[in-house]
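Please open the model in your viewer, with the sequence panel beside it, and keep a selection tool ready. This tour goes from one selection to the next and tells you what to look for at each stop.

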Amino acid sequence: MTPIRILLVDDHPVVRSGIRAMLADQPGFELVGEAATGEEGVEAARRLKPAVVLMDLRLGAGIHGSEATRRITAAPDAPRVLVLTTFDTDSDILAAVEAGATGYLLKDAPPDRLFAAIRSAAAGDSALAPSVASRLLGRMRTPAAALTPRELDVLGLVAEGLSNRQISRRLFLSETTIKTHLVHIYAKLGVDSRTAAVAAATRRGLIRPPD
């Protein structure tokens, strides 16, 4: 049986070493390359033609893992991208899924689940961590109360401390549009201020805690 060709994209050498060791002991897998940045991952995917890319999201300097995923999956005969990260906020999940990720797994998953997810991804099937699947189902069941991807973008920048004017420039939207998004965010979260919105969204796992 032809082994599944895998490319690993992660900026932590220790993590790459651990995953490399796990894959080496598992028949049917071939680790054909590693990359430490999103840009390197995109180039390696183009050059090495893997079947599956294991993609971290936070990759230090350079492009985010979701942007690397978007560039990889946009190519002809693109490999499947399986996100392997420590983050399971709505903003991370939606960005990765919208970018074209086939699966989304957390790094604390047992090895057997990772191996099964790689095989599922190679076969073109989705592979989601239980907590991720639960979040997506929750958004489908209560769409009116769920923040939209754009609202999550705005709220994430609010959490970084940006003003409405700075957010409008970052997202190429008018300040009026940003204010409208904030009104909708406040209503959905049941809050009345930027600070309360960030606190509520962080508590619910919608965005990452501010650094």
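Residues are numbered from 1 along each chain as its sequence is written, and side-chain values use heavy atoms, with hydrogens and water left out. This is a predicted model, in which local features need pLDDT of at least 70 and side-chain atom pairs count only at pLDDT 80 or more, while totals for chains, interfaces and linings use all residues.

**Stop 1: a threonine in a loop**

Select threonine 102, which lies in the loop between α4 and β5. Is threonine 102 buried or exposed? Its relative accessible area is 14%, so threonine 102 is buried; buried means under 20% relative accessible area, exposed means over 50%, and partly exposed is in between, with a 1.4 Å probe and protein chains only. Now show its contacts, where contact means heavy atoms within 4.5 Å: leaving aside residues up to four places away in sequence, threonine 102 touches Arg80, Val81, Ala121, Asp125, Ser126 and Ala127.

**Stop 2: the sheet**

Next, colour the strands, and you will find an open sheet of six strands in the order β2-β1-β3-β4-β5-β6, with parallel pairing; two strands pair if DSSP finds at least two bridges between them. The edge strands, each pairing on one side only, are β2 (29–35) and β6 (127–128).

Then move to β3 and its two partners. β1 and β3 pair in the parallel sense over four bridges, and valine 52 in β3 is the bridge partner of isoleucine 6. β3 and β4 also pair in the parallel sense over four bridges, with leucine 82 in β4 as the bridge partner of leucine 54. If you show the side chains of β3, you can see that both of its faces are covered, with Val52 and Leu54 on one side and Val53 and Met55 on the other, all of them buried.

**Stop 3**

Select helix α3 (residues 65–73), which lies across β3 and β4 and runs at about 165° to β3; here axes are lines fitted to C-alpha atoms, for helices over the stretch in contact, and angles run from 0 to 180 degrees between N-to-C directions.

Which residues make the contact between α3 and α4? On the α3 side they are Ser66, Thr69, Arg70 and Thr73, and on the α4 side Ala95, Ala96 and Ala99.

Zoom in on threonine 69 in helix α3, which is buried, with a relative accessible area of 0%. Apart from residues up to four places away in sequence, threonine 69 touches Met55, Val81, Ala96, Ala99, Gly100 and Ala101.

In helix α4, select aspartate 92, which is also buried, with a relative accessible area of 5%. Aspartate 92 touches Leu57, His64, Phe87, Tyr104 and Arg208, not counting residues up to four places away in sequence. The C-alpha atoms of aspartate 92 and proline 209 are 117 residues apart along the chain and are separated by 12 Å.

**Stop 4: α7 and α8**

Finally, select helix α7 (residues 149–159) and helix α8 (residues 164–171), which pack at an angle of about 130° with their axes 10 Å apart. That angle makes α7 oblique to α8. To see the contact, show Arg150, Asp153, Val154, Leu157 and Val158 in α7, which meet Ile167, Arg170 and Leu171 in α8.

Note on methods
Helices (H or I, at least four residues) and strands (E, at least two) are DSSP runs, numbered from the N terminus. Angles under 35 degrees count as roughly parallel, over 145 as roughly antiparallel, 65 to 115 as roughly perpendicular and the rest as oblique.
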